[in-house]
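Work through the exercises below with the model open beside you. Try each task before reading its solution.

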Amino acid sequence: MKTQPSPPRLFLHFFRWYCHPKLAKHIEGDLMEVYHEQLRTKGKTKADIQFVIDVLLLVRPGIIRSRGKYQAINNTAMFKNYVKIGWRNLLKNKGYSFINIGGLSASMVVAALISLWIYDELTTNKYHLNYERIAQVMQHSAVNGGTVTFSSLPMPTSAAIRAEYGEDFKNVASTWTGEQIVAYEDKVFTKIGCYSESSLPEILTLEMIHGTRTALEDNSSILLSESLAKILFGDLDPISKQVKINNTFTQQVGGVYKDIPKNSTFYGIAFMAPIRLLFSNGTAMDNWQSSSFQIIAEINPKNDIKVTSYKIKDILYKHTKDATRPVLFLNPMSRWHLYEFKNGESVSGRLQYVWLVGIIGSFVLFLACINFMNLSTARSEKRAKEVGIRKAIGSVKMQLVTQFLSEAFLVVTIAFSFTVILTAFSLPWFNELSGKQVAIPWSNSAMWAIIVCFIVGVSVLAGSYPAFYLSSFKPIRVLKGTFKTDRFSVAPRKVLVVTQFTVSVVLIIGTLMVYNQIQYAKNRPVGYDRSSLISIPLLTKEIQQQYDAFRHELLRTNGITNVSRSSSPTTGIWSSADNLEWKGKDPNTQSLFGTISIDPEFGDVVNWEITAGRNFSNSFASDSQAFIFNKAAILQMGLKEPLGESVTWHGKNWNVIGVVNDMVMTSPFAPTMPTVFLIDSKERPFNIVHIKLSKNSDTRKVLSAIEEIFKKFTSTTPFNYKFVDQEYAMKFAGEERIGKIASAFATLAIIINCLGLYGLASFIAEQRTKEVGIRKILGASLFNIWGMLSKDFVVLIAISLIIAIPISYYSLLQWLQNYDYRAEISWWIFLAAGGGALCIALLTVSYQAIRAALMNPVKSLRSE
Amino acid sequence: MKKYRLGEFEEVVILTIGVLYKEAYGVSIKKEIEARLSRSVSMGALHTALVRLEDKGYIKSFDGEATEERAGRPKKYFQITALGKKAMEYTKSTRDALWKDIPNVALHLKFS
């Protein structure tokens, strides 16, 4: 075999790579010839070196290949021209530009606000650094034949978890959260406080400003939020200051943490105190029978939440042997906010709303894009000449597409700059509406990337159809003047109008239905009288101990009719029991009852309605072991003759002495909870004082009188009162919020629609100017012409109504499934929405139609 | 008026092609210039000049035989075109005219 010495391969390949293919062959030949000659005369090394030098010196403009098939041409001048023409067109048609830019920016504001809202929803609780590893210990219990999920657990559960599965968990903390009174010197406030085991600040990774997260290990210590520390101490150093909680515990400030942000479940917690304080009155900490604690856990990084969740399932049952067979599990933090429990399954709850709102937002944006398309194509005749000339000069189709896309881009960019300003200004209003604290993350680079994608995306979405449509004109036809927009170009425009109106009508129907549902629930019989009723929470022991004296003083005051106490307010049921036994009860199922202790005056104060039997009375000693059920409870128990029945609970027999009508105490959209009333306050301690004012009393005067008496008994407690009717109205807040947001969207959608319709109608009127003129000469009346110009639109809107009604009907059926107490979907909603949409559309179109019809035919026919 | 543009190196190359007549290809041109003008010519410079001359239409090329020494690559021979000849003549005549018009004194002064 002949060994051929060869030049350095690397450089040979390099040469072949860069050299222009036309020259490569013979230059390589030259190189090889020189190389071989050098090889003969000077040896391999020198030949190699010379070869390398030659190859490197050949890297010259004339010899290296070009990058692509052809050299790129500089396009900037053309783009400048596009922008210039686009800009001139905007200025020339100011009304049209206003509709386009206004509609686009309005819908983009909606899209921006919604995106911020969704971002906030999806990042809920992400403030906590251990987000991925935090879970709440919860229980599934078999109640009423189904599975009910509770978050309240007995205090010793956390210790049991630590003892049995300590290696899986980094921290486990029992907590209890509620309104408490915080006092420092003469400053007294009611604040939400959290009593917890010492590891909670560590689990939540609180940002400490002073002190350490471990401060709660000391039972005499307390952690304050930054804002509470500020209002208590001002600028003084908070560390080691003494604060008083509920006039009972004196705690030393061991640290101050940054306020927990609003999109955390733990928002609003103003202080954290050791949980042992709750047991300082001697209550046992290992009572498995009372469930009132939330348990928050952080698992070890190497453990899986699902696996660990399965491990702990039997702990509770092992200790309580409860008949409901409770199963413990871990609910990961990522599912706290957007998911809810339905029959033991974690299903998407709020997440559905997030999706829904997102879809609506994109629809509104889509509407504005449709407007853009419609107006651009409607005006196509005006631009047709330009397209013809450009094509005649030599533009290829792609260049015209680029031109119209860049015009769309120009419009979208202008609209977006308005959007940014409007969003920044409307954010406070939006925060109030949505009950959030959303801010624009200016410094977030991901946001800017999304914005750029968004602008490009909207430009392409809105601009692509007109771009391809306009650029497809035949130059000969256009320039000869025989060009008329044909049937086929009108059809897609009609489809777009129909789509727009379908969306708007669906939104209107949805909004009406939400309000209808709210109104329906508001009209629900409440079962008690909540007017002139005030409730005061009993947070400190002073009034508890001297209640009789307190009551008497109140009754002596003018304008107060009656005073009573109970364990739960009338607008909530704070405690429940699932271990009632009665004759004829199915032994295999457990039934859940709300349990409320009241005093005999309660019925009179709230004015409930006894349907059978009698109220509690102080004159019967036996009433301390008596029950009054509500109707729902009797229904649940299946008792035919409830009066005189005996019910076993907590090892005692309780006599049923009365039945009251159902009262709406929990959600007005939910069925009434089966509830049992008793007067034994040892079972359920009193928490609330109810004061009934006489109908025509001066509320302000009476309130100050009450406050005076209140302060006489407990001077260091802030006087907080609530009007029951206001509290009740709060129950609709969530639904009213949906209603407000939906109506805002619907209004916006309709406005955008009408803008588009207005523009479209004006162009059509303009197109038919001559026709209108001739018709007028021939004797058409104003009404004829108005009918002629409006008819097309009416047909379109009728079609969209036909599409919108079934869509909204089925989606509303779905939505109403969320409510047990729900309104019927009545026909008037569809009628109102359809009629409303039609009226608004007609008004918009009519303005243009009548203007066209009123035009002097001499003027319209003279031109040309 | 820039009717014919011929750079200094390009002129040398096109003249050498003329000298070599039928034997003018990359390596032979390079060697000829190196021998006659005693200056070293890099392959890069030479080929760039050749490409440029061909682009201007002063020379044309055709493929020749492939030898083992050239690893099977063909030679590319160059020939002066009519336009090339005109360009050469134009260059020469302008140079001559310039030479002719230099007053004798100007040159003689150098030696004084």
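**Exercise 1. Find the residues with the most contacts inside the largest nonpolar core.**

Solution. A nonpolar core is a set of buried Ala, Val, Leu, Ile, Met, Phe, Trp, Tyr and Cys residues joined through side-chain atoms within 4.5 Å. Buried means under 20% relative accessible area, exposed over 50%, partly exposed in between (1.4 Å probe, protein chains only).
- Step 1: the largest core of this predicted model has 108 residues.
- Step 2: Leu104(A), Ile598(A), Trp608(A), Phe616(A) and Phe677(A) have the most contacts inside this core.
- Step 3: helix H5 (residues 94-122) of chain A gives the most to this core, 13 residues. Helices (H or I, at least four residues) and strands (E, at least two) are DSSP runs, numbered from the N terminus.
- Step 4: domain 3 (352-521 + 733-862) and domain 4 (533-726) of chain A each supply at least three residues to this core. The domain bounds come from an automatic or database assignment.

Residues are numbered from 1 along each chain as written, and chains are lettered from A in the order written. In this predicted model, local features need pLDDT of at least 70 and side-chain atom pairs pLDDT 80 or more, while totals for chains, interfaces and linings use all residues; side-chain values use heavy atoms, without hydrogens or water.

**Exercise 2. List what Leu104(A) touches, beyond its neighbours within four places in sequence.**

Solution. Contact means heavy atoms within 4.5 Å.
- Step 1: Leu104(A) is in contact with Ile99(A), Ala368(A) and Phe372(A), among others.
- Step 2: its contacts also include Val411(A), Val412(A), Ala415(A) and Val458(A).

**Exercise 3. Decide how strand S19 (residues 593-597) of chain A is placed.**

Solution.
- Step 1: five of its five residues are buried, so S19(A) is largely enclosed by the rest of the structure.
- Step 2: check both faces. Phe593(A), Thr595(A) and Ser597(A) are buried on one side, and Gly594(A) and Ile596(A) on the other.
- Step 3: look for partners. Two strands pair if DSSP finds at least two bridges between them. Strand S17 (residues 576-577) of chain A pairs with S19(A) in the antiparallel sense, over two bridges. Strand S24 (residues 675-678) of chain A runs parallel to S19(A), joined by four bridges.
- Step 4: name the bridges. Phe593(A) partners Ala577(A), and Ile596(A) partners Phe677(A).

**Exercise 4. Is Asn696(A) buried or exposed?**

Solution.
- Step 1: Asn696(A) sits in the loop between strand S25 (688-693) and helix H21 (699-713) of chain A.
- Step 2: its relative accessible area is 73%, so Asn696(A) is exposed.
- Step 3: Ser532(A) is 164 residues away in sequence, yet 9.3 Å away in space, C-alpha to C-alpha.
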